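Hello,

Here is the structure we talked about handing over. Please take a look, then read the notes below.

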Amino acid sequence: MTEKPACGLLLRLAGPLQSWGTHSNYLQRDTARFPTRSGVVGMLAAGLGRERQAPVDDLTELSMTVRVDRPGVVLSDFHTVGGGLPAGETVITVDGKRRTEGKGTLVSKRQYLADAAFTLALTSDDEELLHACAAALRDPHWPLFLGRRSCPPEGPILLGIVEDPLRHLVQLPLAAKRPRSGPQPIEFYGDRPLGVLPVDSDAADRGDGDHHSGEVTDEPVSFAPLARQYQPRPLYRRAVHLPDATYEGFGTRYLEKLQSYIDTHFAKSERKTR
């Protein structure tokens, strides 16, 4: 008997700027080159209206696979914090005191991804949780952002809730133009082995995706402001060649092709999962 494909959500994360920190600490804020589990789980928790102290154990059970439509470029920026304030309103130091009036300004260096676009599949056997998350993404309790409050999404995040989401993750239109230099592999990142990706290509992959390529510390344990905790998890990576027809460029053409795919494939699938 054939096993029923997992159910899952398909998301689109795109905007002028994104930032997915993994080693951020006080004045140094980095970004990963792809959305982190902590960032996506935090976004779901915000949509669901959970307080920062609320548990997220159920959300961390979701498996996440990322397709890199456009990798974007890393943009470095800096912010000054606390300048021009009287002594009683300057920046609070680590020991809970305030910096003196003459030394109140701090420089914060921050990284962003500019012009990046990602498609995500979140899978689970818990269909009730998936539907709750889908509703939260359609009508979020708090605003959603791409890793940092200053990075709003350029449009709706939820594409749909479907059966066999990994198949759609491979087949959905790419928000990118076909490289002039010839076919280039598209990167996929996951928290589980990626050998199961249903890729139909004669070109060789870069890596089989079944052996993790390292670890990333982005598995959230707690988002409590004074007790944030994250733990490492394995990172799986696979680069595969997708058909030329998958590349749909930018702007109106891409959005029309994306909507056509959703109308053709998702409406019926969503009814089945209800």
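The notes below cover aromatic pairs first, then a charged surface patch.

A caveat: this is a predicted model.

Aromatic pairs

The structure holds 3 aromatic pairs. Two of them are described here.

Phe-34 and Tyr-189 are stacked. Their ring centres lie 4.3 Å apart, with 15 degrees between the planes. The angle is under 30 degrees, so the pair counts as stacked. Where do the two residues sit? Phe-34 is in the loop between strand 2 and helix 1 (37-48), while Tyr-189 belongs to strand 7 (residues 186-190). The pair therefore ties together parts that are 155 residues apart in sequence.

Phe-223 and Tyr-230 form an edge-to-face pair. Here the values are 6.4 Å centre to centre and 65 degrees between the planes. The pairing cut-off is 6.5 Å between centres, so this pair falls within it. Tyr-230 is partly exposed, at 35%.

Surface charge

Which residues form the positive surface patch? They are Arg-29, Arg-52, Arg-149 and Arg-228. One of them, Arg-29, lies in strand 2 (residues 28-29). Arg-29 has a relative accessible area of 30%, which makes it partly exposed.

Over to you.

Best regards

Methods
Residues numbered from 1 in each chain as written. Predicted model: local features only at pLDDT ≥ 70, side-chain atom pairs only at ≥ 80, totals over all residues. Heavy atoms only, no water. Patch = residues over 30% accessible without salt bridge, like charges linked within 9 Å, V, L, I, M, F, W, Y side chains within 5 Å. Areas by Shrake-Rupley, 256 points an atom, 1.4 Å probe, with all protein chains shown as cover. Salt bridge = Lys/Arg side-chain N within 4 Å of Asp/Glu carboxyl O. Lys, Arg positive; Asp, Glu negative; His and termini not counted. Charge placed at Lys NZ, Arg CZ, Asp CG, Glu CD. Helix = DSSP H or I, 4+ residues; strand = E, 2+ residues; numbered from the N terminus. Buried < 20%, exposed > 50% of the residue type's maximum accessible area, 1.4 Å probe, protein only. Phe/Tyr/Trp six-rings, centres within 6.5 Å; stacked < 30°, edge-to-face > 60°.
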